[in-house]
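Dear colleague,

Please find the structure below for your records.

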Amino acid sequence: MPRPTRIRVLGKQWHIEYVDDLKNSDGDEVYGTCDEGSLTIKIKTWMPVDLQTHTLLHECMHAIEYGMGLKLKEREVDLISGGFMALIKDNPLFADFLVGI
């Protein structure tokens, strides 16, 4: 399945870019970033697919956080996205039900 390059989050169109090298605003190497100003999520490409998918979901959680005006800590976003990913992977029929397939 091809990697998504766009995603709609709370009515806004976000762009997803896959890059070889990625640093946050502090200059630290990271797996992904979520820029509210440009509505852009960036994901590091060299990672295994399962880590890319977890990172993408994590960054989408940040997009939701920004759109709803929440002030979550990084650990909270990581735990919520990890739990949600596990829920979807462990229950694929549930995920289908949620989206009406």
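The largest nonpolar core has 10 residues in all: Val 9, Trp 14, Ile 16, Cys 34, Ile 41, Ile 43, Met 47, Leu 56, Cys 60 and Ala 63. At least two residues of this core come from each of β2 (12-19), β4 (40-44) and α1 (49-68). The element that gives the most is α1, with 3 residues. Please bear in mind that this is a predicted model.

On the surface, a nonpolar patch is formed by Leu 10, Ile 64, Met 68, Leu 70, Leu 72 and Ile 80, and together they have about 520 Å² of accessible area. One of these residues, Leu 10, is placed in the loop between β1 (6-9) and β2. Leu 10 has a relative accessible area of 54%, and because the cut-off for exposed is over 50%, Leu 10 counts as exposed.

A search of the whole structure also finds 1 aromatic pair. Tyr 31 and Trp 46 form this pair, which is edge-to-face, with 6.4 Å centre to centre and 75° between the planes. The pair links distant parts of the chain, as its members are 15 residues apart: Tyr 31 lies in the loop between β2 and β3 (32-35), and Trp 46 in the loop between β4 and α1. Are these two residues buried or exposed? Tyr 31 counts as partly exposed, at 42% relative accessibility, whereas Trp 46 is exposed, with a relative accessible area of 53%.

Yours sincerely

How values were computed. Residues are numbered from 1 along each chain as its sequence is written. This is a predicted model: local features need pLDDT of at least 70, side-chain atom pairs count only at pLDDT 80 or more; totals for chains, interfaces and linings use all residues. Side-chain values use heavy atoms; hydrogens and water are left out. A nonpolar core is a set of buried Ala, Val, Leu, Ile, Met, Phe, Trp, Tyr and Cys residues joined through side-chain atoms within 4.5 Å. Buried means under 20% relative accessible area, exposed over 50%, partly exposed in between (1.4 Å probe, protein chains only). Helices (H or I, at least four residues) and strands (E, at least two) are DSSP runs, numbered from the N terminus. Patches are made of residues with over 30% relative accessible area and no salt bridge: like charges are joined within 9 Å, nonpolar side chains (Val, Leu, Ile, Met, Phe, Trp, Tyr) within 5 Å. Accessible areas come from the Shrake-Rupley method with a 1.4 Å probe; for residues, only the protein chains shown count as cover. A salt bridge is a side-chain nitrogen of Lys or Arg within 4 Å of a carboxyl oxygen of Asp or Glu. Rings of Phe, Tyr and Trp (its six-membered ring) pair if their centres lie within 6.5 Å; planes under 30 degrees apart count as stacked, over 60 as edge-to-face and the rest as tilted.
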